Every structure is written in C-alpha cells, then in structure tokens.
Amino acid sequence: MKILLVEDDNFFREFYSTKLREKNVEVETATDGEEGLQKLQIFMPDLVLLDIIMPKKDGFDVLSEMGQLQLIQKIPVLVFSTLGQESDVEKARLLGAKGYVNKSFFDFDKLYARIIEFSN
C-alpha cells in the first residue's frame with residue numbers, strides 16, 4: 001500500500017510516517033498542500049492522509065483541487081487533523097473526503113484500522 005501523508009507539523013509527520021513504515025506501508029510525505037498536490041500526481045498513492053490547517057494551501061483547497069482534477073474519485077482521502085468541529089468534518093466530506101481521524105490522540109492503532117478499511 002502507498003500512502004501520501006500531507007502534514008506540516010514535523011512531529012506528526014515523522015511519528016506517523018515511521019509507524020506506517022513499520023507496517024510495511026510505502027509512505028511519501030509533503031509539508032504543505034501545494035507540495036501535496038504535486039506529489040500526489042507523481043506518487044499516485046492508494047490513500048491520502050490529509051491535514052487541514054497547513055501553509056500555502058490548506059486541506060480544503062487540496063480536496064477541492066483533487067475534485068477538479070478528478071483524483072478524488074480515484075484516490076480516497078482520510079482527513080487527519082486536530083480540527084474536530086462537525087462543520088469542518090462535514091465540509092471535508094462534502095469536498096470528497098472519505099473519513100476523519102483526530103491526530104491529536106496519538107492512537108496509531110485506530111488510524112491504522114481506518115487505513116485498512118480503505119485498502120479492502
């Protein structure tokens with residue numbers, strides 16, 4: 001499985017990419033939405049883990065552009081953010097995200113279980 005992790009926070013990006021690699025997942029990372037969109041088209045992952053609050057382009061912008069490029073139908077996106085308000089989660093879903101995981105709980109097993117849901 002190939003995952004693109006789009007996350008501006010160094011700690012979260014390193015922690016979760018390391019844990020995913022331990023599960024034999026191929027991981028590519030991006031530090032902002034703009035870089036994420038570029039890597040998305042080159043790496044062509046099976047799943048995108050997408051933060052919402054980022055510089056240059058936020059997660060909502062990334063979802064919107066993925067929709068315009070018709071990538072949202074091909075590549076599932078799991079929002080991976082500390083934003084947990086229902087309005088933010090709903091906005092992400094309306095833009096095409098398939099799910100939401102709150103990254104601030106550091107619950108890798110829960111995140112990995114959600115990832116497995118998308119790979120089956």
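Mentor: The turns below test several labels against their cut-offs. Keep in mind that this is a predicted model.

Trainee: How do you know how confident the predictor is in the protein chain?

Mentor: Look at pLDDT, which runs from 0 to 100. The protein chain averages 90, and 97% of the residues score at least 70. Confidence is highest in strand β2 (residues 26–30), at 98. Helix α5 (residues 108–119) has the lowest, at a mean of 85.

Trainee: What makes E28 and K39 a salt bridge?

Mentor: The cut-off is 4 Å between a Lys or Arg side-chain nitrogen and a carboxyl oxygen of Asp or Glu. For E28 and K39 the N to O value is 2.8 Å. That is within 4 Å, so the pair qualifies.

Trainee: What does that pair tie together?

Mentor: E28 lies in strand β2 and K39 in helix α2 (residues 33–43), so parts eleven residues apart in sequence are tied together. E28 and K39 also belong to a salt-bridge network with E35.

Trainee: Why is E28 called partly exposed?

Mentor: Buried needs under 20%, and exposed needs over 50%. E28 has 26% relative accessibility, so it falls in between. K39, at 21%, also counts as partly exposed.

Trainee: What makes E22 and K19 a salt bridge?

Mentor: Their closest N and O atoms are 3.9 Å apart. The limit is 4 Å, so the pair counts. E22 and K19 sit three residues apart in helix α1 (residues 10–22), which separates them by about one helical turn. E22 is exposed, at 54% relative accessible area. K19 is partly exposed, at 27%.

Trainee: Where is D88, and what is the nearest side chain of opposite charge?

Mentor: D88 is in helix α4 (residues 86–94). The nearest side chain of opposite charge is K91, 6.6 Å away. The limit is 4 Å, so D88 has no salt bridge, although it is buried. D88 touches F60 and L83, leaving aside residues up to four places away in sequence.

Trainee: How do you know that both faces of strand β3 are covered?

Mentor: Strand β3 spans residues 47–50. L47 and L49 are on one side, V48 and L50 on the other, and all are buried. In a regular strand, side chains alternate between the two faces of the sheet.

Trainee: What makes β3 a partner of β1 and β4?

Mentor: Pairing needs at least two bridges. Strand β1 (residues 2–6) and β3 have four, in the parallel sense. There, I3 stands opposite L47. Three bridges join β3 to strand β4 (residues 77–81), also parallel. L50 stands opposite V79 in β4.

Terms used:
Residues are numbered from 1 along each chain as its sequence is written. This is a predicted model: local features need pLDDT of at least 70, side-chain atom pairs count only at pLDDT 80 or more; totals for chains, interfaces and linings use all residues. Side-chain values use heavy atoms; hydrogens and water are left out. Helices (H or I, at least four residues) and strands (E, at least two) are DSSP runs, numbered from the N terminus. Buried means under 20% relative accessible area, exposed over 50%, partly exposed in between (1.4 Å probe, protein chains only). Lys and Arg count as positive and Asp and Glu as negative; His and the chain ends are not counted. Contact means heavy atoms within 4.5 Å.
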